[in-house]
There are 2 protein chains.
Amino acid sequence: MLNFDADRFLRIEAGALALAGPIHAAVGAALDRGARNIFFLGTGGAAILMQPAALLLQRRSGFPAFMEIAAELVAAGHHALGPDSIVVIPSLSGTTRESVATFDYCKARGATIITLVGHRDTPLGQKADHALVNFAEDDTSSESFYLQSLLIALSVMAHRSEFPSYERTVAELVTLPKHLLAAKQTFEPEAGRLAEAFRTEPYHIITAAGGSWAEAWYYGMCILEEMQWIRTRPVHAADFFHGTLELVEKGVSVIILKGEDSCRPLTDRVETFARQYTDKVTLLDAATFQMPGVSAETRALISHVILATILERLSAHLEVKRNHPLTTRRYYKKVSY
Amino acid sequence: MLNFDADRFLRIEAGALALAGPIHAAVGAALDRGARNIFFLGTGGAAILMQPAALLLQRRSGFPAFMEIAAELVAAGHHALGPDSIVVIPSLSGTTRESVATFDYCKARGATIITLVGHRDTPLGQKADHALVNFAEDDTSSESFYLQSLLIALSVMAHRSEFPSYERTVAELVTLPKHLLAAKQTFEPEAGRLAEAFRTEPYHIITAAGGSWAEAWYYGMCILEEMQWIRTRPVHAADFFHGTLELVEKGVSVIILKGEDSCRPLTDRVETFARQYTDKVTLLDAATFQMPGVSAETRALISHVILATILERLSAHLEVKRNHPLTTRRYYKKVSY
């Protein structure tokens, strides 16, 4: 595979999953101390990567879960945040300015704080009630954060007897790194073809639904916009039909991410529409990747992880075909604002 | 003012505010019957117009409030939805297919349903537990729906003794139509200039924060995309710095909507950045419009209503300057999908 270190990938994703035990213990301790709700409070891309876990709890658990824009929470407050709250703050660097501000705000209100960081020796690694440390970098952090936040959500439900298949699910998740690697290998030729097709494409509509919506939003904003300077319109598959559809015509790129959860029909509808009105439909479907031994129930929980892992291959080819390194920025961490 | 009927506007917005009493009674009845949470479940633009009210409750009330994508709720369910839920469904036509499906789904689960419709003699007007009827059309519905949902949120808080200034606030809100009309008149020349500047503009980044974020999202998707077929990137002011900022360069249009709530500094930050790197910054600031007799507290609650009302003027000029009627569609309600 192009510019890819398989061993490093396997090590990082296995590292995320090896946190299942410490996560279960940390969540259990917080619940034992009387926690009554949970907030997922990241900044930018890291915030988006928490969304599938927050959605899972909102839809299937009686434990109130909130996903807020951290800067707004700090500016506007939140009625449910307090000493009975668990706050999850993901920050790979452990130093993100807004995330440190969020930490201080929540700590002052007595919350129990779990941080997900890449390095222990950082402000967010040192000050947390529970710091869960797994080194990752931009090319591996999506899967790592998705999996850690999923483990947190599953742990909450397991402790509350809302998810009877917890042990089996975690056992299946632990096998994921090799399946994700296989998905990358399967997708590699298509990634090269797509990158060539996208080389001079100036604008993409990118859409998804359910747990996979986060990945469409993330890939549009944090990869295509930030790392490739390509205009995108991330739009939820349900919202697509209430405005953005009018922009579709021959020559307009529409990227559809399909997951295997119950919201899949929303993306089927977009596909049926888009194929009639543009010749540039790209369908990336989590269901097409084999994962022997992984149940349908678990697959539905991690469609966004599969999509993230194959999209990383697209990014690797895009930076080469477009001669635009993924690390090049005009402004981010280069100028002050 | 261009293509504008002031009497009709005043009548429609006064009609929305005249629902304060019926809304307070309907909410009170639902709470008396033991309602324990509230869902705002619109489709497309109508869903977005409920967001400021949902945010207000989430941040300042102990009454759990949810804003979900209705199609996802129907597909994936929601743990908190049940006989103890109040469900608010806005649909101007009273016939929106997805909203009728949402209604049936929630009714089957025993929820108390309040609909906000333009006509009583429609499915959503007839079947609701409480149908609140106020005729409006595309050019007046944003303010009407914003105000009705705000009245619902304030009523919930008032019934729970969480908003002591309820009576005074409603009295101030009732004076809004004339202030909104004055804001339109003040903005009219600028609307014409902006429409001329935007006439051939192919792409806008549009951003806001707090209660006003809904309006940036709505105006980008439902007006510029749907009604003018112009590409937009609605992005929250906090997210802007985590991806979209890299697209800003000379010649790129950035539209910043500023409200008067506590999240305003997030948009100040975007403005400071954008003014350095593009010559096309459009700032629309709710604070610049006079509203004698309206307190700062109330102004902060309705910034998005002011922004919607002045943006309607921009739309009126855009359709003329661009020779593209706001009612022209390629697909919406023209083809099946």
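Reader: Why is B:E196 called partly exposed?

Author: The relative accessibility of B:E196 is 40%. Buried requires under 20% relative accessible area and exposed over 50%, with partly exposed in between (1.4 Å probe, protein chains only), so B:E196 counts as partly exposed. This is a predicted model, in which local features need pLDDT of at least 70 and side-chain atom pairs count only at pLDDT 80 or more, while totals for chains, interfaces and linings use all residues. Side-chain values use heavy atoms, without hydrogens and water; residues are numbered from 1 along each chain as its sequence is written, and chains are lettered from A, ligands numbered from 1, in the order in which they are written.

Reader: What makes B:R199 and B:E196 a salt bridge?

Author: A salt bridge is a side-chain nitrogen of Lys or Arg within 4 Å of a carboxyl oxygen of Asp or Glu. The closest N and O atoms of B:R199 and B:E196 are 3.5 Å apart, so the pair meets this definition. B:R199 is partly exposed as well, with a relative accessible area of 37%.

Reader: Why is B:D129 said to tie parts of chain B together with B:K107?

Author: Their side chains meet in a salt bridge (2.7 Å, N to O). B:D129 lies in the loop between helix 7 (123-126) and strand 5 (130-133), and B:K107 in helix 6 (residues 97-108), so the pair joins parts 22 residues apart in sequence. Helices (H or I, at least four residues) and strands (E, at least two) are DSSP runs, numbered from the N terminus.
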